[in-house]
Amino acid sequence: MVRRASAADVDALSVLVAEALSVGAVGGWLVPDAAERPEVLGRYARLLVSWGLEHGQVDTTGDRSAVAVWLRRPEVPVPAAAWMYDLHQALGPYASRFALWHAYLDAVVPHVPHAYLAHLATRPGHDDTARTLLAAHHRVLDTEGLPAYAELPGGRPRESLLAALGYEPRSPILLEPDGPALWRMWRPGPDSGRACSGLPPRARLRRGVTPVRGRLFPAPPRSP
């Protein structure tokens, strides 16, 4: 059963996200030290799920075997200083690599309204559950006429679950130094055909770039 997650799910879903990151190439690039990786990815996963609950939508299942963090982007997101601050507070000396990661994502954010699949994680052997989870959200997006966007690590994007659900691969984001490629995956809205004029071309960031912005999440309202 697909349902909206709540604060009561944060612990379990954070573990699920951290485990999914830890077995992939992105997790190793983010935290090269294998001994430190589980703790650091756990802190990041908790921050990600918590932000998703507050600023977007987090979908899960009755047995918490899958989780999808969704964000609506009605326009190009504005810089989120609060997100970057929380990232540094949560991760300390490891925050710079995560900030670089988000700078790469920020550089190629689609320029049209869309829904962003910020993270998808499942327990091993639960691909059918992930398919059900995403399909439920896609039905909502289709009624609103919204396309969807995600990033996918790996070398065979056309054989992925996202491709089976209507996402088309675009040129990848190349994480440097010595990192994996993230394929940009675009699912057009029901009335938009296959084109995506709002998806920028592939971007490389110079090795010496200093990330100062974070557009993964919209900035929360300022306090008076």
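User: How many helices and strands are in the protein?

Analyst: This is a predicted model, and in it the protein has seven helices and seven strands. Followed along the sequence, these elements come in the pattern β-α-α-α-β-β-α-α-β-α-β-α-β-β.

User: And what share of the residues count as buried?

Analyst: The protein has 224 residues, and 46% of them count as buried. The accessible surface comes to about 10900 Å², with 53% of that area belonging to carbon and sulfur atoms.

User: What part of the contacts is between residues 24 or more positions apart?

Analyst: If you take the contacts with a separation of 6 or more, residues 24 or more positions apart account for 77% of them.

User: OK, switching to charges. How many salt bridges does the structure hold?

Analyst: The structure holds eight salt bridges, and one of them pairs D9 with R64, whose closest N and O atoms are 2.8 Å apart.

User: Is D9 buried or exposed? And R64?

Analyst: D9 is buried, with a relative accessible area of 2%, whereas R64 counts as partly exposed at 30% relative accessibility.

User: What does R72 pair with?

Analyst: R72 forms a salt bridge with E144, and the closest N and O atoms of that pair are 2.6 Å apart. This pair links distant parts of the chain, since E144 belongs to helix α6 (residues 127–144) and R72 to strand β3, 72 residues apart. E144 is partly exposed, with a relative accessible area of 45%, and R72 counts as partly exposed at 33% relative accessibility.

User: Which residue does D142 meet in a salt bridge?

Analyst: The side chain of D142 meets that of R187, at 2.9 Å from N to O. Here too distant parts of the chain are linked, with R187 in strand β7 (residues 181–187) and D142 in helix α6, 45 residues apart. R187 counts as buried at 12% relative accessibility, but D142 is partly exposed, with a relative accessible area of 29%.

User: Now the inside. Which residues touch the most other members of the largest nonpolar core?

Analyst: That core has 43 residues, and the ones touching the most other members are V17, Y44, L87, F98, W101 and I173. At least two residues each come from α1, α2 (25–30), α3 (37–55), β3, α4 (81–91), α5 (95–107), β4 (114–122) and β7, and α3 gives the most, with eight residues. As general background, nonpolar side chains in soluble globular proteins tend to be buried together.

User: What does V17 touch?

Analyst: Leaving aside residues up to four places away in sequence, V17 touches A45, L48, V49, V67, H119 and A121.

User: And which residues does the second core include?

Analyst: The second core is separate and has 16 residues, among them L117, L146, A148 and Y167.

Note on methods
Residues numbered from 1 in each chain as written. Predicted model: local features only at pLDDT ≥ 70, side-chain atom pairs only at ≥ 80, totals over all residues. Heavy atoms only, no water. Helix = DSSP H or I, 4+ residues; strand = E, 2+ residues; numbered from the N terminus. Buried < 20%, exposed > 50% of the residue type's maximum accessible area, 1.4 Å probe, protein only. Contact = heavy atoms within 4.5 Å. Areas by Shrake-Rupley, 256 points an atom, 1.4 Å probe, with all protein chains shown as cover. Salt bridge = Lys/Arg side-chain N within 4 Å of Asp/Glu carboxyl O. Core = buried A, V, L, I, M, F, W, Y, C linked by side-chain atoms within 4.5 Å.
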